[in-house]
Amino acid sequence: MSKQIGLLHVGVTVLAATAFVATWSSGFLVAAIATVEVSPLTLLVWRFVPLAGVLLVLGLATGAVREVGTAALRRQSVIGLFAQFGYCVFVYAAITAGVATGTVALIDAVQPLVVAVLVGPLLGLRVRGAQWAGLLVGAVGVLLVVRSQLEGSATQPAVYLLPVLAMSCLIVATFLQRRSDAHAGVLATLTIHVVVTAVALVVLAAATGTLTPPASTSFWLAAAFAAAVPTLAAYGLYWWLLRRVGITALNALLFLIAPATAAAGAVLLGERLTATTLAGFVLCAVGVTIVLTSESSAGSADVSRPRSRSAGSENDPSDDAGGWPTGRPARPAAQGSGG
């Protein structure tokens, strides 16, 4: 009986992981499909504004929002501006400018590698040689993919800075999150992030004349889909899987989003998928594997090595710095909402 229960748990986890990759990938695809005739800002506004209203009502009804302290509210508001507003604006801008959805997803997927190497020193944490090597291999993979997309394309090379800026927003959000001592629950955090993003989007769209939505049914279906699937469903699965499989396996799943998006983009949108592109994905997978293996080994060593703790050591910042550099995944890297 216990064997059957174990198999059931594994099956549920596999299904959840598959759904997570699919829902997160859908955010990049809907951005490409739904912004052909509509400004990306318009879609983003009407993706986030109704969702903000729903989450605010739910958060107030459950008391989740009322329990958030002032310090946590301020910090999570700033984090939300980077992790949701900045990330989504630059992702949508990149896709609208002609960057392939798989390439945007790939640059997004190497964010944990950059966090491991660059944010570690900012937090006063040691970065291992294997992590530097993984970042270098992953960077070469990204360059190969970008090069393959530029061949025979009218897209200007400068627009590839847009997904890099999206990734940079996540890195800043990760740094702020890991430096913060003010915490909030998952529902409260999501509500704060979505509300501040909705407000910022309304201001930006009003200033650029892109606030008014079209009357087409297809637009509202796309906006509802973007709010429900790559935002709520993907975000919920992210936190469920974080508790189920841990941050190391979850970051590996985040990388799988890139090839899944590239394959779907090739089928649905006719995006280029060449041998060079595939080679770049393989190199990025190798880089991610190197970093994950290094982090996992370090985590095992930390667990096997006894630690003596003084009375005040519960506030040791290394324990709260996050799973990548230290092997103790107390706080995951900040994430956007599936493009």
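Among contacts in the chain between residues at least 6 apart in sequence, what share joins residues at least 24 apart? In this predicted model, the share is 86%.

The chain is built from 11 helices and has zero strands. Its pattern along the sequence reads α-α-α-α-α-α-α-α-α-α-α. Of the 339 residues in the chain, 51% are buried. The chain exposes about 14900 Å². Carbon and sulfur atoms supply 69% of that area.

Nonpolar side chains were examined next. In soluble globular proteins, such side chains tend to be buried together. The largest nonpolar core here has 83 residues. Phe 20 and Phe 28 have the most contacts inside this core. Helix α9 gives the most to the core, with 19 residues. A second, separate core has six residues. Val 68, Ala 72, Ala 188 and Val 196 are among them.

Aromatic rings were then compared in pairs. A pair of aromatic rings is described by the distance of the centres and the angle of the planes. The count comes to seven aromatic pairs. One of these joins Phe 20 and Tyr 238. Tyr 238 is buried, with a relative accessible area of 3%.

Tyr 238 also pairs with Trp 24. The planes of these two rings stand at 40 degrees, with the centres 6.1 Å apart, so this pair is tilted as well. Trp 24 lies in helix α1 and Tyr 238 in helix α9, so the pair ties together parts that are 214 residues apart in sequence. Trp 24 is buried, at a relative accessible area of 1%. Phe 20, Trp 24 and Tyr 238 belong to one aromatic cluster, together with Tyr 235 and Trp 239.

Helix α2 (residues 40-62) was considered separately. It has 23 residues. From first C-alpha to last, helix α2 reaches 33 Å, close to the 33 Å expected at 1.5 Å a residue. Its buried residues include Pro 40, Leu 41, Thr 42, Leu 43, Leu 44 and Val 45. Further along α2, Arg 47, Phe 48, Leu 51, Ala 52, Leu 55 and Gly 59 are buried too. An α-helix has 3.6 residues a turn, so residues three or four places apart point the same way. Just after α2, Gly 63 takes a positive phi of about 85 degrees.

His 193 sits in helix α8 (residues 186-208). Its relative accessibility is 5%, so His 193 counts as buried. The side chain of His 193 makes a polar contact with the side chain of Gln 76, at 2.8 Å. Not counting residues up to four places away in sequence, His 193 touches Gln 76, Ile 79, Gly 80 and Gln 84.

How values were computed
Residues are numbered from 1 along each chain as its sequence is written. This is a predicted model: local features need pLDDT of at least 70, side-chain atom pairs count only at pLDDT 80 or more; totals for chains, interfaces and linings use all residues. Side-chain values use heavy atoms; hydrogens and water are left out. Helices (H or I, at least four residues) and strands (E, at least two) are DSSP runs, numbered from the N terminus. Buried means under 20% relative accessible area, exposed over 50%, partly exposed in between (1.4 Å probe, protein chains only). A polar contact is a pair of N or O atoms within 3.5 Å; within protein, one must be able to donate a hydrogen and the other to accept it, and residues adjacent in sequence count only if both atoms are side-chain atoms. Contact means heavy atoms within 4.5 Å. Accessible areas come from the Shrake-Rupley method with a 1.4 Å probe; for residues, only the protein chains shown count as cover. Rings of Phe, Tyr and Trp (its six-membered ring) pair if their centres lie within 6.5 Å; planes under 30 degrees apart count as stacked, over 60 as edge-to-face and the rest as tilted. A nonpolar core is a set of buried Ala, Val, Leu, Ile, Met, Phe, Trp, Tyr and Cys residues joined through side-chain atoms within 4.5 Å. The expected span of a helix is 1.5 Å times one less than its number of residues.
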